[in-house]
Amino acid sequence: MRRTPSFEQRLATARLLHRFNFGPTPGQYTDLLERGIETTQSTVLEHGHFDSGLDSVAPLVLADLGPFPQGNTSAAMTFWNTIEMDSRELVMWWLDRMVVSRYPLTERMTWFWHGHWATSISGVSYPLTMQKQNNTLRTHALANFRDMAKAMVVDGALNVWLNNNENYIQSPNENLAREFMELMTLGVNKFTQHDVTAAARALTGYSTDQSNGNVTLNLKQHFSTPLVILGTKSQLNAESFASLVVSKDENARFIMDRLWFRFVSGSTAAPASLAGSFASRDISSLISALVHSTAWTNPANALVKSPVEWFVGACRALKVRPSTLNANDTQWELSQMGQLPFNPPNVGGWTYGQAWLSGVAYQYRFELAQSMVATGDLAPLSVSKSKMVQACADWLGVAEWSRRTASTLAAAVATPSEVALAALLSPEYMVSA
Amino acid sequence: MINCEFDRRRFLQWTGAGIFATMSTQLSLESLASAASDAPLPVNTPILVLVTLYGGNDGLNTVVPFTDPVYESARSNIALSSSQLLPFTDSLAFNSSMPSINALYGQNKVAIVQGVSYPNPSLSHFSSMAIWQSASLTGVSSGWIGRWLDTQPHNAYNAIGVGSTLPPAFVGEKSVASMVDVSGMQLPWGPVASLLPRLGRSSSSDVALEAAAATSITDLFSTASLLGPLIPKSSTGSMLGQQLSLVSTLINANVPTRVWEVNLSSFDTHTGEQGDQNVLLAQVDAAIGAFMTSIGTGSRSNDVTVMIYSEFGRRVESNASDGTDHGTSAPVLLIGNGVAGGLYGEQPPLNALDVNGNLEVTTDFRAVYGGLLQDILATPVSDIIPSWNTALSVH
């Protein structure tokens, strides 16, 4: 016997799909509503299988373009044009992966970690170097945070971005040392300036080839005397420094809070009990604990979808591959909304919440929605006019339309493309309420 | 084919100036609209609009010394014919792609400063643009408008660059100008546009963030009504036209801004110059014509001065690809209802060139800036341009 799902079930199912899987594919929301919340939880957590969706995205092979050219020569112009084209392809390649993945949790987590390690191509310049970091983030996206931190502390893009190429024993540059602890592993006020000075020394001797992200350690330029960091004296290189930092309890709390903030709630705090699931620093068990938490029916836990999350969700619903859209326009519109992949505004990462909701951004949202709907598959709206508004909520994974939006959509039912457009541009779809 | 056009973004990349953009405020239309109503610019306050032509505009095919026999002989493959000229003196003519500016000249609203550059001109786009934007021959990293901002009480609206990255001229030692995006003026269109304002209504079932989303929709449409029917249509005009249309809209709305910057790229006409430059100049001309029409009907009609400049002019002798290579001096155009129109400085002779075959410099650009600082920004020249006192006034 079929029961009508409760509002709570519709809300929790919608939240899990939008927040962990970039939103439902057509039919998925109603299917999971029928199969129940436990099935939804295990579905959004699936990863690590062969993914026929991802398999359909051609691998992106970027060339090592070598050092920056000198002067205003035609070779220099070719170089900058290639940088530009490669950057564009890299963005579309990743957006395609987010959209077509059948088990999107890995791409979703890679997206989270990109914001966490917040490296921008504006400082790195080379798309290849950014792509290598992206692959590192993907490899560790649901694995062990200690391994991720050890890989990232010697990641070429991060080293260039945070000036570790300019970090010498005689003239230290503390940027990577400080941000690694403050923004990436421990949190503010969890370490002293003494720790920063020592950490910067642990990170000396590493040099990055900017054009390909290869990092080499020159032991002659590495500070090899034992260092005291966070109260422990030991001989440290970059990896053992990362490992030391990650071993602190503050690291568990910090990472847990970051995940809670981005996936669950900007207004409620993470329950301390969650930290237990991250004792071994296994990311997938922490994510599983979040998915199985009781937070999903609490009305306070609404989040604004970031522009990329909104865009990828709409593409998944409409079965639109981002690379089939005009790449220039799409990237322009995303950047004007404030979120172009590989271009976080600074090392602090993307903004959040209400900052994504400005009148100016709404115009670009409109333009993006237009281009997606123009080529999108509107089959889910091929129902009678009287059922179209509800069918639209079920298609997009919206728990419930407000009376405002329901009446607006009802006024457009003569033209399903207008229903789709208005729905994607509604407060209920911009926000994961 | 290699795209060899020199553009502004690449200049910013090369000079590293793009990084300053992160320190700059990107102003929203809402904030501009409220600034215009809360603290409108007092009437009769002079306003400067800089129009930067990136790439090195060929001055000799813009303001043409058409009776000089060397003009025809040195560049026979790109010399403009009599049907492509709009003579305004016995010896000078505008390129016929510039009918609006020619008409404004006839109304004494265009000052042409001739032979403008600086001593020992650099033929590098990057060095020369850096010199123009910093107003320093020695590699000062701050921009001249930026240093003027440094002398002013802090206000995000004092100077605004149109676009997504700031020109180096707008970066001071302490202050940075703001930016506004031209495409920020494009409103939703099509049949669904009439539905969208309904989505901005509040609903009792909204959670706080949904209510904020609804408010953002209403903001967009209410800002549009505040700035009124002057909002440029997305589909019309060149990029420069859209930028200047936005600037005139905001000036007429009394936004409290003293200096604006807009720009156009692709003037690096090494090949096929005539076709390319004529199209670009036509864009400049149409944009200026529309801008002056818009300003001329408002209360700001006498307040606004436009300066059009490029990092250098081009070689007198054309090359074999029907183009010209990098040159030196070129005319600077100053346009406004309050400008005393006419010719300033001297036209450099075409038969007395430097060792590279380039025009001599007869006016230093810093004198032009000096006049603008004095007449428009009411600031002593030497406060902004180190060891420089000359001011060429066109007002």
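Guide: A residue is called buried if 20 or more other C-beta atoms lie within 10 Å of its own, exposed if 12 or fewer do, and partly exposed in between, with C-beta atoms placed from the backbone. This is a predicted model, in which local features need pLDDT of at least 70 and side-chain atom pairs count only at pLDDT 80 or more, while totals for chains, interfaces and linings use all residues. Residues are numbered from 1 along each chain as its sequence is written, and chains are lettered from A and ligands numbered from 1 in the order in which they are written.

Visitor: Is Leu230(A) buried, partly exposed or exposed?

Guide: Leu230(A) lies in the loop between β3 (227–229) and β4 (232–234) of chain A; helices (H or I, at least four residues) and strands (E, at least two) are DSSP runs numbered from the N terminus. Its phi is near 55°, a positive value in a residue other than glycine. Because 19 other C-beta atoms are within 10 Å, Leu230(A) is partly exposed.

Visitor: Is Asn189(A) buried or exposed?

Guide: Asn189(A) is not a glycine, yet it has a positive phi of about 65°. The loop between α11 (175–185) and α12 (193–202) of chain A holds Asn189(A). Since Asn189(A) has 8 C-beta neighbours inside 10 Å, it counts as exposed.

Visitor: Which element supplies the largest share of the side of chain B that touches chain A?

Guide: Two residues are in contact if their C-beta atoms, placed from the backbone, lie within 7 Å. In these terms, 37 residues of chain B are in contact with 38 residues of chain A. On that side of chain B, α2 (29–38), α5 (125–134), α7 (196–199) and α8 (208–227) each supply at least two residues. The largest share, ten residues, comes from α8(B).

Visitor: How many residues of β8 of chain B are buried?

Guide: Strands pair if DSSP finds at least two bridges between them. Strand β1 (residues 47–53) of chain B runs parallel to β8(B) and is joined to it by six bridges, while β6 (residues 159–162) of chain B pairs with β8(B) in the parallel sense over three bridges. Strand β8 (residues 259–264) of chain B is mostly covered, and of its six residues the number buried is five.

Visitor: Which residue in β8(B) is the bridge partner of Val49(B)?

Guide: Strand β8(B) is joined to β1 of chain B by six bridges. In β8(B), the bridge partner of Val49(B) is Trp260(B).
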